[in-house]
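I opened the notebook to look up the fold, then the surface, then the charged pairs. My notes follow in that order.

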Amino acid sequence: GISLYLEKDGIYVDVSVVVKYGYNVPELAYRVQQSVKQNVENMTRYKVASVDVHICDVIFEDGAEKEQEEN
């Protein structure tokens, strides 16, 4: 989900995502931040003050989940 808050100094964005096991979480979060910031600023006349990315869950595929349980 996405929440937007309009303040005097710009738009504050909260993005909640679910990640598949094996993805580089810091890189993914950075790419989401940059994409959201660029798209919001291109589509509106507002400046984005911050984009906070929240990882809500990690999805394990069947093999990875079994391997994780064994360790």
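I began with burial: buried means under 20% relative accessible area, exposed over 50%, and partly exposed in between (1.4 Å probe, protein chains only). By that rule, buried residues make up 20% of the 71 residues in the chain.

Ground rules next. This is a predicted model, where local features need pLDDT of at least 70, side-chain atom pairs count only at pLDDT 80 or more, and totals for chains, interfaces and linings use all residues. Residues are numbered from 1 along each chain as its sequence is written, and side-chain values use heavy atoms, with hydrogens and water left out.

**Entry: the elements**

I listed the helices and strands, taken as DSSP runs numbered from the N terminus (helices H or I, at least four residues; strands E, at least two). The chain has 2 helices and 3 strands. Read from the N terminus, the order is β-β-α-β-α.

**Entry: the sheet**

I looked up strand pairing, which requires that DSSP finds at least two bridges between two strands. The 3 strands form an open sheet in the order β1-β2-β3, and the pairing is mixed. At the edges I found β1 (2–7) and β3 (48–59), each of which pairs on one side only. Neighbouring strands are turned by 15° against each other on average, direction ignored. For such angles, axes are lines fitted to C-alpha atoms, for helices over the stretch in contact, and angles run from 0 to 180 degrees between N-to-C directions.

Which sense does each pair take? β1 and β2 (residues 10–20) are antiparallel, over 6 bridges. Here Ser 3 has Asp 14 in β2 as its bridge partner. β2 and β3 are parallel, over 10 bridges. The chain gets from β2 to β3 through α1, and this β-α-β crossover is right-handed. Right-handed means that, with the strands pointing away from the viewer, the path from the first strand over the helix to the second runs clockwise. In this pair, Tyr 12 stands opposite Ser 50 in β3.

I then turned to the helix α1 (residues 25–43). It lies across β2 and β3, and runs at about 140° to β3.

**Entry: Leu 6**

I picked Leu 6, in strand β1. Is Leu 6 buried or exposed? Leu 6 is exposed, with a relative accessible area of 55%. I checked its contacts (heavy atoms within 4.5 Å). Leu 6 touches Ile 11 and Tyr 46, not counting residues up to four places away in sequence. Leu 6 and Tyr 46 are 40 residues apart in sequence and 8.9 Å apart in space, C-alpha to C-alpha.

**Entry: salt bridges**

I used this rule: a side-chain nitrogen of Lys or Arg within 4 Å of a carboxyl oxygen of Asp or Glu. The count comes to 3 salt bridges.

Arg 31 pairs with Glu 27, with the closest N and O atoms 3.8 Å apart. Arg 31 is exposed at 55% relative accessibility, while Glu 27 is partly exposed at 43%.

Lys 37 meets Glu 41 at 3.3 Å, N to O. These two are also 4 residues apart in α1, about one helical turn. Lys 37 is partly exposed, at 28%.

Lys 47 also meets Glu 41, at 3.9 Å, N to O. Lys 47 is exposed, at 54%. I noted that shared partners join Lys 37, Glu 41 and Lys 47 into one network.
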